[in-house]
Amino acid sequence: MLTRLADLGIRVPGRILGIAAFVLVAGGVFGAGVAEHLSAGGFADPGASSTAATTLLADRFHAGDPNLVLQVSGPRGADDAAARAEGERLVGALRGEPDARQAESYWTAPATVAPGLRADDGRSGLVVATITGDDDQAPKRAAAIVDRLLAHPAPGATVTAGGQAIAYHQVSEQVTDDLTTAELVAVPLTGLVLVWVFGSVVAALVPLAVGLFSIAGTLALLRGLTAVTPVSVYAMNLTTALGLALAIDYSLFIVSRYREETRAGRTSAEAVRVATGTAGRTVLFSALTVGLSLAALAVFPVYFLRSFAYAGIGVVALAALASLVVVPALLTVLGPRLDALDIRVPVRRWLRRPPARPVPAERSFWYRVASAVMRRAVPAGLAVTALLLLLGSPFLGVRFGYPDDRVLPSEASSHQVGDVLRTGFASNAAATITVVLPEVSAEPGALERYSTALSRVGGVTGVTSAAGVYAGGGRVAPPSGAPMVSGSSAYLAVRTSPDPMSDEGARVLDAVKTVPSPGEALFTGLAAENEDSVAALGDRLPLAIALIAATTFAVLFLLTGSILLPLKALVLNTLSLSATFGAMVWIFQDGHLSSLYGSTVTGYLVATMPLLMFCLSFGISMDYEVFLLARIREHWLESGRTPADNERAVGLGLGHTGRIVTAAAVLMAIVFAALATGSVSFMQMFGTGLTLAVLMDATLVRGVLVPAFMRLAGRANWWAPGPLARWHARHGWAESGRTGESGSAKAASVADTG
């Protein structure tokens, strides 16, 4: 198949490039407005009890949790005339908004509720409301409402907008802005490094063309998917970063092999065939491993993660397609012009250095590293393993949670309001636990007794129900406000003081759940949503890990025909990822280096991000694993297959691929590191984690652990049980040699001096 693709590119390169250009333009036009159709939420589990409670609240009571909080202050505090006038104006305006419910404020609430809406220092009061819609619609509606409300504020009053809905809207806007900034930083820097790595301006344009093709096509795919399913706006970050990163990797693999073959004396057409049949095979296997790793995200119930599965599969497939179809056509058209505009020639001349000369694989830096490691395989392997375990040790204390306003920079209005709510109010307006009773017991006084018991729970500042307002185990006021009973259903608002994302907030929620209820009780609010979402992700995690392990094992077995090498890859990748996650806990959960990132320490990691990083990092690490093992296997198949030949095959494999893998890792790290320059903390963690994972995998794992392990395993590296070995011989996808490669190709150069 790959040879036929190469022949197609050789025969009709102009036609292929014309079709690719049409697809690029059409995809760019159709996908240009995709951001307007993407959703900002996607963190909630649609099957969770908190989601069911939220749906019942909206359907039966036209109510919901307070997700819009406006902090109002006047020149002389909350009781200033200007603050009162503004608070009353805001409540009146909110009650006239069709998408707003349950608007209340310090200045309009009943006397028993109003103190909870006034800051402890008396400087400000709150206006709270529920904005209807899901976690995509509500943020957009809240932002539009706030824009209208604050267009003409009352003189002398200051209003700051916050709440979950505003926080999600600001996160979405900030991520979009950060992505633009990251592209402005990453693309030029990547271009410069590409020119240096590829050796010429013309060659450097090849991965950029592949990247543009895969990114434009994936954005068009996401645009089409929005017509049938919600897609998270954050998928755009993965599309851009991964599309460019894989385009660099795959193009570098093929172009490097093409150059190696032409230096060995092959014609351009012959070199295209060999490069596509060897490096192209590596690209195919790599795409399978990366794509299947990201596909595992589809097992999770939250569409935030499912969206990354859609984007990941699309961008990987298109990057591989472009590399296997478009790159051979480009190489055919360019031919010797591929090396035109080599900037290293004038730079070397200016530095008075001699022209670069080919370095045989046996004399390359990475061959020497592999040889040194294999001479001391046990101490080298143990030392790196101990280092990775040490780096990973903080992960033993990991805690997971739900994203809130603190993922934003401190100057964001929702973050400022959130800080005040957590520290400056006796009752946190954003920490209300809403209890929904679909069928209330008909026993007289059941609702009153339940409300009384709830009000006695530590951390609960008050309970409002159809039976009245309760605090400290007693009824303090009659019922007021909107009806809280509909037919046989009822709901209660349990006001609490702790941060809902804290351990204390979780303890209060658990205590509220243990209070006997007059019928089935469903709980919602930030604390309940946090608990349900983390539990849903944890329930599906074993399935995702099993799918990744099984598919990775199968693909690597098809590549190598070995049972041991896939197991080795799974163990070493897990070891590398544990070190990455340990660093993430140390930085973003425990707060080390927080001043460098400017992020707020919450004491937990946003639960969705480690899952995303695991699947993506695992796939990317297999990208390098496939490239290295494919080359080692080539040399092994050409040898006498003795223990000494095993060591030589490992050294030559690393010698041929070490420079390429290092260059690809540096380029990929630049792309991911650009994401870490943003202002949203979980995207900073995403970019930082992937950067560390890529660099550790390309150096410590590929440079030390792989040669150490393969030296100790010897011929067992290539062993498989008889039936599997025979099956692989008939059906495996691994090549049997280097496609007729001449003996001179074995000594082809792989690196330039200096």
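**Helix packing, aromatic pairs and selected residues**

Helix α6 (residues 164-198) packs against α7 at an angle of about 120°, and the two axes lie 8 Å apart; here axes are lines fitted to C-alpha atoms, for helices over the stretch in contact, and angles run from 0 to 180 degrees between N-to-C directions. The model is a predicted one, in which local features need pLDDT of at least 70 and side-chain atom pairs count only at pLDDT 80 or more, while totals for chains, interfaces and linings use all residues. Residues are numbered from 1 along each chain as its sequence is written, and side-chain values use heavy atoms, with hydrogens and water left out. Helices (H or I, at least four residues) and strands (E, at least two) are DSSP runs, numbered from the N terminus.

The helices α6 and α7 are therefore oblique to each other, a label for angles that are not under 35 degrees (roughly parallel), over 145 (roughly antiparallel) or 65 to 115 (roughly perpendicular). Their crossing is right-handed, that is, the near helix is turned clockwise from the far one by less than a right angle, anticlockwise being left-handed. On the α6 side, Leu-194, Val-195 and Phe-198 meet Val-201, Ala-203, Ala-204, Pro-207 and Leu-208 of α7, where contact means heavy atoms within 4.5 Å. The residues of this contact comprise eight nonpolar, no polar and no charged (Ala, Val, Leu, Ile, Met, Phe, Trp, Tyr, Cys and Pro count as nonpolar, Asp, Glu, Lys and Arg as charged, and the others, Gly among them, as polar).

A second pair is formed by helix α18 (residues 564-589) and helix α20 (residues 608-638), which pack at an angle of about 135° with their axes 10 Å apart. This makes α18 oblique to α20, and the crossing of α18 and α20 is right-handed. Among the α18 residues that meet α20 are Leu-565, Lys-568 and Phe-581, and those on the α20 side include Met-613, Phe-618 and Glu-625. By class, the contact of α18 with α20 has twelve nonpolar, five polar and two charged residues. Not counting residues up to four places away in sequence, Lys-568 touches Glu-625, Leu-629, Val-706 and Phe-709.

Turning to the aromatic rings, the count comes to 17 aromatic pairs, with rings of Phe, Tyr and Trp (its six-membered ring) pairing if their centres lie within 6.5 Å, and planes under 30 degrees apart counting as stacked, over 60 as edge-to-face and the rest as tilted. The rings of Tyr-234 and Phe-304 have centres 5.4 Å apart and planes at 65°, so this pair is edge-to-face. Because Tyr-234 lies in the loop between α7 (201-225) and α8 (235-263) and Phe-304 in helix α10 (residues 303-334), the pair ties together parts that are 70 residues apart in sequence. Tyr-234 is buried at 1%, and Phe-304 is buried at 0%.

Most residues other than glycine have a negative phi. His-62, in the loop between α3 (49-61) and β1 (68-73), has a positive phi near 50° and is exposed at 51%. Gln-102, in strand β2 (residues 100-105), has a positive phi of about 55° and is partly exposed at 32%.

Technical notes
Buried < 20%, exposed > 50% of the residue type's maximum accessible area, 1.4 Å probe, protein only.
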